[in-house]
Amino acid sequence: MAETESAEQPVIYLARREEHRLRNGHPWVFSNEVDTTRSPLTAFEPGDQVEVLTHGERFLATAYVNPRSLICARVIGTRPGEWLDAAALESRLVRAQRMRDRLIGQPWYRLAYAESDDLPGLIVDRYGDIAVVQIGTAGMERHQGDIVDALRRTLAPAAIVARNDVATRALEGLEQTVEVLHGDAPGTIEVRENDLVFLAAPMSGQKTGWFFDQRDNRRRVAQHAAGRRVLDLFCYSGGFGVTAAAAGATEVVCVDSSEAALDLARAAARRNGVEARMSFVQADVFDALRAMAEDGRRFDLVVADPPAFVRRRKDLAAGVEAYRRLNRLAVSVLAPEALLLSASCSSHLARERLHEVVRAAAVRGGRSVQLLEDGGQALDHPVRLGMPESAYLKAALCWLA
Ligand code: SAH
């Protein structure tokens with residue numbers, strides 16, 4: 001039997017020699033790593049909290065479980081008795097918020113980034129006095145009320161919106177919902193970033209409405225935009241394009257397939273007084289690039305920030321092919337001695353793999369290529385050491401002669 005204290009708690013036992021990843025800081029247990037003869041997962045309800053023990057009955061972590069999911073347990077503590085309850089949620093949210101307040105300086109940021117902030121399955125984005133939460137797991141869903149209470153106490157927001165409409169919730173047996181949990185949520189809200197104002201739609205936009213993770217990469221683009229012709233591919237609500245125009249780009253062309261996103265981008269252009277130098281194209285990026293290449297359109301700075309082409313590991317080969325096609329086409333509209341910012345938010349695509357995709361695209365276009373800066377996600381998306389998946393964003397700024 002385990003130590004007396006553990007024996008009173010529900011436990012799951014790992015199979016022999018399956019403890020190393022957890023010992024090294026990784027917060028997930030996969031269902032094939034559990035000794036299900038000793039601790040059948042079917043004994044648990046989604047969201048139950050347990051102790052995770054090694055095969056040799058040593059304490060490893062506390063976790064919440066979901067017997068329906070391949071990721072059958074997520075670590076919530078590393079000491080016995082460290083459970084996820086209202087008090088722990090609040091103190092972790094407070095700790096996460098203090099870090100952002102210290103590092104970002106204005107209240108538009110990702111306040112909580114799931115496992116990286118010891119809040120597995122919970123994302124909170126803050127837009128001034130509006131909080132948008134996204135709950136991805138059954139274990140966190142149980143605490144939705146506690147999360148709302150904690151945010152109301154610590155943030156006193158005008159509104160709290162739940163964007164519980166991420167596809168991965170299906171893997172946890174959860175429904176897709178968008179709800180206002182507190183206050184009144186306006187249709188569009190302001191986002192302040194890098195001294196500019198943007199617009200986001202928290203109830204209907206992508207993710208929670210804005211991609212805070214690109215904040216530093218947008219600033220990088222601004223550094224090189226003056227006097228240049230800029231192309232912003234997959235522009236969404238204009239994050240890169242408007243930033244480039246405000247930094248003095250002579251011309252900015254924004255391309256996205258979503259008319260709703262382009263409306264927000266146009267509004268942001270007007271708000272920042274740069275609409276005269278910007279144009280907006282509603283099209284599939286691949287089609288638009290082919291047409292522009294044929295017309296001989298050329299740009300001095302191209303930003304390619306597509307949606308994740310590799311969502312699951314088994315889609316890696318097809319996804320890499322999509323990145324290859326995109327980067328080849330992007331190179332085909334690059335003027336001589338120009339910059340390409342090639343991004344990928346797929347955690348399954350290794351940084352080196354993206355470099356290889358860009359290199360191959362340049363070679364195919366008969367261009368030489370050099371990597372200038374290897375950007376990643378902004379610091380309100382901290383990486384959990386020991387959890388490589390938490391470092392997902394790559395943004396390779398390259399010079400093509
Ligand atoms: N660069 C943006 C974020 C991009 S999100 C920023 O800095 O905020 C991905 C965007 O790609 C979404 O707006 C989506 O509408 C768009 N999109 C997805 N597939 C597309 C395609 N094939 N052609 C054009 N746009 C596409």
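Which residue has a backbone N or O atom lying 3.0 Å from a nitrogen atom of the ligand? In this predicted model, that residue is Ser257. The protein covers 90% of the ligand's accessible area, which on its own amounts to 580 Å².

The shell comprises 15 residues, and the closest of them are Arg218, Asp256, Asp284, Val285 and Asp305. Sorted by class, this shell holds eight nonpolar residues, together with four charged and three polar ones.

Side chains make polar contacts here too. Asp284, listed among the closest residues, places a polar side-chain atom 2.8 Å from a nitrogen atom of the ligand. For Gln206, an N or O atom of the side chain is found 3.5 Å from an oxygen atom of the ligand.

A disulfide is a covalent bond between the sulfur atoms of two cysteines. Counted with a cut-off of 2.5 Å between the sulfur atoms, the model contains zero disulfides. Cys235 takes part in no disulfide, and the cysteine sulfur nearest to that of Cys235 belongs to Cys254, 4.5 Å away.

Are Cys235 and Cys72 buried or exposed? Cys235 has a relative accessibility of 4% and so counts as buried. Cys72 is buried as well, with a relative accessible area of 0%. Both values fall under the 20% limit that defines a buried residue.

Notes. Residues numbered from 1 in each chain as written. Predicted model: local features only at pLDDT ≥ 70, side-chain atom pairs only at ≥ 80, totals over all residues. Heavy atoms only, no water. Buried < 20%, exposed > 50% of the residue type's maximum accessible area, 1.4 Å probe, protein only. Near = heavy atom within 4 Å. Polar contact = N/O pair within 3.5 Å; in protein donor to acceptor, adjacent residues only side chain to side chain. Areas by Shrake-Rupley, 256 points an atom, 1.4 Å probe, with all protein chains shown as cover. Nonpolar A, V, L, I, M, F, W, Y, C, P; charged D, E, K, R; others polar.
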